[in-house]
Amino acid sequence: MGTPTGFTYRIDAHGTVTITHHGRPAGTLRGPTAARFLAAADRGDDQQLLMARATGNYKHGNERQARDHARNR
């Protein structure tokens, strides 16, 4: 699986972080969650990966299981 791409984020006046994926809304972070996200982004962590994790669009741990399932053969 490749690296996530296409994510951007915007911060409004109230400190709410809005994350979009290819221009479409993907998630909204408020309060302490938004503060943790912004702190990690300022630290220099991979922003694309942070946004993928924050929106839930990230590896779920079942990729190998799903590939081997009978309906996917």
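**The strands and their link to a helix**

Tutor: From the N terminus on, the order of elements is β-β-β-α-α-α. That makes three strands and three helices. The model is predicted. The protein has 73 residues, and 19% of them count as buried.

Start with the pairing of the strands. Strand β1 covers residues 7-11 and strand β2 covers residues 17-21. The two run antiparallel, joined by five bridges. Strands β2 and β3 also run antiparallel, and five bridges join them.

Arg10 has Thr18 in β2 as its bridge partner. Thr18 in turn has Thr28 in β3 as its bridge partner.

Now the turns. β1 and β2 form a hairpin with five residues between them. Gly15 sits in that turn and has a positive phi of about 90 degrees. The hairpin of β2 and β3 has two residues between the strands. There His22 takes a positive phi, near 55 degrees.

Next comes Arg24, in strand β3, which spans residues 24-29. Is Arg24 buried or exposed? Its relative accessibility is 64%, so Arg24 counts as exposed; the cut-off for that class is over 50%. Arg24 and Phe7 are 17 residues apart along the chain, and their C-alpha atoms are separated by 9.3 Å.

Then the link to the helices. A search of the whole structure finds one aromatic pair. Its members are Tyr9 and Phe37. The geometry is edge-to-face, with 5.1 Å centre to centre and 90 degrees between the planes. Tyr9 lies in strand β1, whereas Phe37 lies in helix α1, residues 31-43, so the pair ties together parts that are 28 residues apart in sequence.

The two partners fall into separate accessibility classes. Phe37 is buried, because its relative accessible area is 6% and the limit for that class is under 20%. Tyr9 has 28% relative accessibility and so counts as partly exposed.

Finally, the whole protein. Take the contacts with a separation of 6 or more: residues 24 or more positions apart account for 37% of them. The accessible surface comes to about 5,500 Å², and carbon and sulfur atoms hold 48% of that area.

Key: Residues are numbered from 1 along each chain as its sequence is written. This is a predicted model: local features need pLDDT of at least 70, side-chain atom pairs count only at pLDDT 80 or more; totals for chains, interfaces and linings use all residues. Side-chain values use heavy atoms; hydrogens and water are left out. Helices (H or I, at least four residues) and strands (E, at least two) are DSSP runs, numbered from the N terminus. Buried means under 20% relative accessible area, exposed over 50%, partly exposed in between (1.4 Å probe, protein chains only). Two strands pair if DSSP finds at least two bridges between them. Contact means heavy atoms within 4.5 Å. Accessible areas come from the Shrake-Rupley method with a 1.4 Å probe; for residues, only the protein chains shown count as cover. Rings of Phe, Tyr and Trp (its six-membered ring) pair if their centres lie within 6.5 Å; planes under 30 degrees apart count as stacked, over 60 as edge-to-face and the rest as tilted.
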